[in-house]
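User: I am new to reading protein models. Can you walk me through one, feature by feature?

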Amino acid sequence: MKRISYFLILFFLFFNAASSFADIFYANGDGKKKQIALTFDDGPGINTSEILMILKEKNIKATFFISGFSAVGNKEKIKQIFDSGNELANHTYSHVNFFKYDKDDIEDKMKSEIIKNEKLIYEITGYKTKLLRIPNGFSRPPAKKVAKELGYVLVNWSFGCDWNTKLTQEQMYESYKKNIKAGAIFLMHDKIRSKKLSAFLPQLIDDIKKDGYELVTVSELLDLKQ
Ligand SMILES: [Zn+2]
């Protein structure tokens, strides 16, 4: 009996140690299901309404990583995203580039950026965000630590290129197409002025569906509890 409890304790300790690092950071799903998640960053922005229309037409849901400062004078767009059944996620309030942030208070700064954004989204929708993407995909240890402390899951992406102004619309479309695979998380933006993305997005969604993939939110892709 003693022996069994000893093993149980060991198992429990090991499991706890492992789980304190697991389930905090993802750049893709495990690929077991034929699913792909589209994510739109930095908005709400100039292309949010058009993208929402495309998603509605194609009868799919996506995840929007909101940066609160984009919503100044534009708060109803956040409500619109939420009311249309798409997922809201936290991209910090003022989009600080933490790769260039060299002060000692990086964790506190990150926390205040996340909480300010979380509060704004909650005030508008009553929804508390649970997914976090730090600007520029910053995922170094302070980001993971802060995400864990605030109860967030940190989510980057498996592929994205819509911010690359050197690419033509066709090149962008082909690049996304090449990266279609189970568990993919595509990074896109609804605040970029360019109309390239919204021009090829309907076709890309059709291609993804035609290959037998389901388009889902990040929470669904990662099988996170709602
Ligand atoms: Zn961003």
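**Reading the model**

Analyst: Start inside. Phe159 is buried, and so is Phe186. Keep in mind that this is a predicted model.

User: How do the rings of Phe159 and Phe186 sit, and how far apart are their centres?

Analyst: Read two values, the distance and the angle. The ring centres of Phe159 and Phe186 are 6.3 Å apart, and their planes stand at 75°, so the pair is edge-to-face. Planes over 60 degrees apart get that label. The pair links distant parts of the chain. Phe159 is in strand S7 and Phe186 in strand S8, 27 residues apart. Both rings also belong to one aromatic cluster, with Tyr173, Tyr176 and Phe200.

User: How many aromatic pairs are there?

Analyst: The count is ten aromatic pairs. Phe40 and Phe64 are one of them, and this pair is stacked, at 5.1 Å centre to centre with 25° between the planes. Here, too, distant parts of the chain are linked: Phe40 is in strand S2 and Phe64 in strand S3, 24 residues apart. Phe40 counts as buried because its relative accessibility is 0%. Phe64 is buried as well, at 0% relative accessibility.

User: What is the overall layout, in helices and strands?

Analyst: The chain has eight helices and nine strands. Of its 226 residues, 49% count as buried. Now look at contacts with a separation of 6 or more in the chain: 77% of them are between residues 24 or more positions apart.

User: Now charges. What is the idea behind a salt bridge?

Analyst: Side chains of opposite charge can pair when their charged atoms come close. This structure holds eleven salt bridges. In one of them, the side chains of Lys58 and Asp206 meet at 3.1 Å, N to O.

User: Where do Lys58 and Asp206 lie?

Analyst: Lys58 is in the loop between H2 and S3, while Asp206 is in helix H7, so the pair ties together parts 148 residues apart in sequence. Lys58 counts as buried, at 18% relative accessibility. Asp206 is partly exposed, at 32%.

User: Which salt bridge does Lys79 make?

Analyst: Lys79 meets Asp83, at 2.9 Å from N to O. The two residues are four apart in helix H3, so about one helical turn separates them. Lys79 is partly exposed, with a relative accessible area of 36%.

User: And what about Glu118?

Analyst: Glu118 forms a salt bridge with Lys128, at 3.7 Å, N to O. Glu118 belongs to helix H4, and Lys128 to the loop between H4 and strand S5, ten residues apart. Glu118 is buried, at 16% relative accessibility. Lys128 is partly exposed, at 40%. Salt bridges can also join up: Glu107, Lys111, Lys145 and Glu149 are linked in a network.

User: Which ring does the charged end of Lys128 sit over?

Analyst: The ring of Tyr152, with the charged end of Lys128 4.8 Å from the ring centre. Arg133 gives another case, lying over the face of Phe65 at 4.1 Å from the ring centre.

User: Is Asp42 buried or exposed?

Analyst: Compare its value with the cut-off. Asp42 has 17% relative accessibility, so Asp42 counts as buried, since buried means under 20%. Yet Asp42 has no salt bridge. The nearest side chain of opposite charge is Lys191, 6.7 Å away. A salt bridge needs the atoms within 4 Å.

User: Which side chain makes a polar contact with the side chain of Asp42?

Analyst: That of His91, at 2.9 Å. Beyond four places in sequence, the residues in contact with Asp42 include Phe65, Ser67, Ser70 and His95.

User: What stands out in the backbone at Asp42?

Analyst: Check phi. In Asp42 phi is near 80°, a positive value in a residue other than glycine. Asp42 lies in the loop between strand S2 and helix H2. Pro44 is found in that loop too, and a cis peptide bond joins Gly43 and Pro44, with omega about 5°.

User: Where does His95 lie, and what is its phi?

Analyst: His95 lies in the loop between strand S4 and helix H4. Its phi is positive, about 55°, although His95 is not a glycine. His95 counts as partly exposed, at 25% relative accessibility.

Technical notes
Residues numbered from 1 in each chain as written. Predicted model: local features only at pLDDT ≥ 70, side-chain atom pairs only at ≥ 80, totals over all residues. Heavy atoms only, no water. Buried < 20%, exposed > 50% of the residue type's maximum accessible area, 1.4 Å probe, protein only. Lys, Arg positive; Asp, Glu negative; His and termini not counted. Polar contact = N/O pair within 3.5 Å; in protein donor to acceptor, adjacent residues only side chain to side chain. Contact = heavy atoms within 4.5 Å. Phe/Tyr/Trp six-rings, centres within 6.5 Å; stacked < 30°, edge-to-face > 60°. Lys NZ or Arg CZ within 6 Å of the ring centre and 35° of its normal.
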